[in-house]
Structure formats: C-alpha cells, structure tokens
Amino acid sequence: MSSSNGDLDISPRDVVIMKVRVEYPTVSTRELSDILESEYGIELSHNRINEILRELSDSGAFRETIFPNQEMFRHYLFRIAFHYPNFEEGWESCYWDLREDPHVLMFFNADSRYHWHLVTQFRSDEQMGRWVHEFFKEHGDFLDDFHNTVLRNVHKFQTDAAIFDDILVETAEGRAYLEEHYGEIDTATDPGVPDQ
C-alpha cells in the first residue's frame, strides 16, 4: 500500500502489525501473534512477526524510541523567521545544529512567517534561557525573528494505535482487517475512504 504522501509502501497486514505493536508495546511477539490471530485473523508465527518488525524498522516505517515521562522536562515551542540577506550563508549551519541538538524533540517546516518550528525540552526555564542566549550568539545573523512559547501542561504525548485505522481504511484488504477487529465498519462517512 502506498501512503497518500507516497512515502512508504507498506502492506495492510504490516500496518496492522505496527498498530498492534503500538497498542501493546511491552508484550512478547508470542503474545502479539495471539492478538493478531484473535483480533484480526492474521496467523503468523512469533518468529515471522519478529522478522516483519525488523524489516519495517530497517525500512524506516517506524523507529524504536524511548520517550521519558514528560514531567521530567519542561517543553517549549520555538518559532524561527529567517533574515534572508544572510540565508544562504547561515541556513545550513543553523539547520544541522538544531537537528543534532539533544534538546530538540521535533523540528519541522511551517507555512508562515516563522518557517522553522521546534518542540524542545529542558529541565528548567533557566536552562532554556541559557540555550537561547547561546543560540543567538551563534546564529543571530541568520535570524529575523524568534518566538518562544512555554508549553505549561503537556496533556498528551504519544501516538495512539487507532491512528493506523486511517491508513487501513484506504484499501479493501485494510478494511477487511478492520471489519475482523471491529465488526462492521461505516466507510460511507469517512472522507479518507476511496469509492468502492
């Protein structure tokens, strides 16, 4: 199955395996095998499930990441606008410094005056302030504007397994797995479902 973004080609069966792994992150592959069979009608040995998960990881379909409890850190949203006269000279150094910085949890482009957005994590406001000071010393000529927001309460910090249903509903094979799991599904009201 090609995603609507065209990024990866993953079969609906493998999407179900990823979904179940996300939903049950600590169970053994033997237990995953039982869940896949009882809830989705997918019969695979635990050895084959291990192989598939390894193949999916190697292909970049998912990354095994440890997320610390969000209460260990304070989170901030930084937004960066470029000073275009210095863009060509400064963008690459700044980009790689942000990509490699351990405080940067997520780094993405946005369509606005603030083209780069970062979700960052620090132990304290003071640590964040020192980081921003050093960042300006190093990359200030590249910046036109910098805005930060303290994310005071992070209420959710996870990917839910049900998000994979949005991919599965795109194909007949994926819908069959969903019907095995949920019973009858209503695809008439889901805008992501192609005409049948």
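**Figure 1. Overall fold of the predicted model.** Of the contacts in the protein with a separation of 6 or more, 63% are between residues 24 or more positions apart. Contact here means heavy atoms within 4.5 Å. This is a predicted model: local features need pLDDT of at least 70, side-chain atom pairs count only at pLDDT 80 or more, and totals for chains, interfaces and linings use all residues. Residues are numbered from 1 along each chain as its sequence is written, and side-chain values use heavy atoms, with hydrogens and water left out. The secondary structure comes to seven helices and four strands. Helices (H or I, at least four residues) and strands (E, at least two) are DSSP runs, numbered from the N terminus. Along the sequence the pattern reads α-α-α-β-α-β-β-α-β-α-α. The protein has 196 residues, and 34% of them count as buried. Buried means under 20% relative accessible area, exposed means over 50%, and partly exposed lies in between (1.4 Å probe, protein chains only).

**Figure 2. Y76 in strand 1.** Strand 1 covers residues 74-82 and holds Y76. Is Y76 buried or exposed? Y76 is buried, with a relative accessible area of 0%.

**Figure 3. Helix 4 against helix 5.** Two packed helices are described by the angle between their axes and the distance between the axes. Helix 4 spans residues 87-100 and helix 5 spans residues 125-139. Their axes come within 11 Å and cross at roughly 155 degrees. Axes are lines fitted to C-alpha atoms, for helices over the stretch in contact, and angles run from 0 to 180 degrees between N-to-C directions. Helix 4 and helix 5 are therefore roughly antiparallel to each other. Angles under 35 degrees count as roughly parallel, over 145 as roughly antiparallel, 65 to 115 as roughly perpendicular and the rest as oblique. The crossing of helix 4 past helix 5 is right-handed. A crossing is right-handed if the near helix is turned clockwise from the far one by less than a right angle, and left-handed if anticlockwise. Helix 4 contributes S93, C94, D97 and L98 to the contact, and helix 5 contributes W131, F135, E138 and H139. These contact residues divide into four nonpolar, two polar and two charged. Ala, Val, Leu, Ile, Met, Phe, Trp, Tyr, Cys and Pro count as nonpolar, Asp, Glu, Lys and Arg as charged, and the others, Gly among them, as polar.

**Figure 4. Helix 1 against helix 7.** Helix 1 (residues 12-23) meets helix 7 (residues 172-182) with axes that come within 8 Å. The axes cross at roughly 40 degrees. That makes helix 1 oblique to helix 7. On helix 1 the contact is made by P12, R13, V16 and K19. On helix 7 it is made by E173, G174, Y177, L178, H181 and Y182. The residues of this contact divide into five nonpolar, two polar and three charged.

Figure 5. A salt bridge is a side-chain nitrogen of Lys or Arg within 4 Å of a carboxyl oxygen of Asp or Glu. By this rule the count comes to nine salt bridges. One of them joins the side chains of R48 and E51 (3.1 Å, N to O). Both residues lie in helix 3 (residues 46-59), three residues apart, about one turn of the helix. R48 is partly exposed at 27% relative accessible area, and E51 is partly exposed at 36%. H46 also has its place in helix 3. H46 is buried, with a relative accessible area of 19%. Not counting residues up to four places away in sequence, H46 touches T29, R30 and S33.

Figure 6. R113 forms a salt bridge with D144, and the closest N and O atoms are 2.9 Å apart. R113 lies in the loop between strand 2 (104-109) and strand 3 (116-122), and D144 lies in strand 4 (residues 143-151), so the pair ties together parts that are 31 residues apart in sequence. R113 is partly exposed at 47% relative accessibility, and D144 is partly exposed at 40%. The side chains of K156 and D160 also meet in a salt bridge (2.5 Å, N to O). K156 is exposed, with a relative accessible area of 52%, whereas D160 is partly exposed at 32%. Elsewhere, salt bridges that share partners join R48, E51 and E55 into one network.
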